[in-house]
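Good morning, colleagues. Please look at the model on the screen while I describe how its parts meet.

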Amino acid sequence: MHDPDEALRSACFAELRRLTSVYVQDVPYRGALERGFPFGAGSVPFLTPYKGIFRAREQRGPAALSINTSIKSPYRDRATADGWVYSYRTGDVNQPDNKALRAAYALQTPIVYFHATAAGYYEPLFPWFVDADDPVEGEVHVTPGKVIDLGNKPIPAQIEDPIERQYAFRETRVRVHQRHFRRLILPPYQTKCTICSLREERLLDAAHIISDADEHGEPVISNGLSLCTIHHRAFDNDLVGISPDYEVHVSRSLLEDEDGPMLDLLKGFHRQPIQLPRRRTWRPDPERLAIRFERFRSAA
Ligand SMILES: [Zn+2]
């Protein structure tokens, strides 16, 4: 069925593609999403934070443009093998928001799922589709779509193959989790690398000390470290370790390597203390560090 908002949706997706490439990580509401996207003579909002289901006034069709989750309940939405179960707005099944959500199912229009990663930050997932509607339970099922690029015009499409869809969802879920973990870890470290104190948010990651067997890792502050990309990569590859008494250790192979300005970035911190979060409960868990440090030792 033809979607009267096709042009509006592609303008929305185009602006989101631009924003996600500018911000690399999740996108802030302030100064970014709040501006909306250019369409026609003006701009159209992407979402209403905390409201959930959003259909813009500028739309001509009935289907929602986006849905969002609030950070207060970021994992409220139940995951399935290939998507999330998303609840209707409480109240009447036929109130305007629910109507817009259900129309996205009836018309199979692509939507944006703004997944909150912290207060004021969202990971925009698009194009997504509502692929099941359950008015009795008052919930829908949303699943990732894909973009088919025919020359210069990217076209949102559903993923027909269930295995491919599950794979796409799994990847998305890991990414959303990683973004959320990063927003949890960086503030206690005052948005600095715990090893070198680099303070450039775009170059900082949250590293798990112990990564769980599944894609989640345990998402607690004491299982994380704020690291710049170089130190994160070095930590993941056991070129740098952190002892349970919070000291940086550089692998022997690196220490014995030839000098060079870049290498100093690693070697210079050997046996130096890491910068710790002020609050005790935020500090890296020494037991977890001990386990991880063993790995570093045996890798050397
Ligand atoms: Zn660093």
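Between domain 1 and domain 2, about 1000 Å² is buried, and carbon and sulfur atoms give 51% of that area; buried area here is the accessible area, with a 1.4 Å probe, that two parts lose on being put together, summed over both. In domain 1, the residues that lose the most area to domain 2 are His177, Phe181 and Arg182, together 56% of what that side buries.

This is a predicted model, in which local features need pLDDT of at least 70 and side-chain atom pairs count only at pLDDT 80 or more, while totals for chains, interfaces and linings use all residues. Residues are numbered from 1 along each chain as its sequence is written, and side-chain values use heavy atoms, with hydrogens and water left out.

The domain assignment, automatic or from a database, gives domain 1 as 6-183 and domain 2 as 192-299. Their C-alpha centres lie 35 Å apart. Nine residues of domain 1 are in contact with 14 residues of domain 2, contact meaning heavy atoms within 4.5 Å.

Finally, the zinc ion. Its protein donors, meaning N, O and S atoms within 2.8 Å of the metal (3.2 Å for Na, K and Ca), are Cys193 (SG), Cys196 (SG), Cys228 (SG) and His231 (ND1), at 2.1 to 2.3 Å. In sequence the donor residues follow the spacing C-x2-C-x31-C-x2-H.
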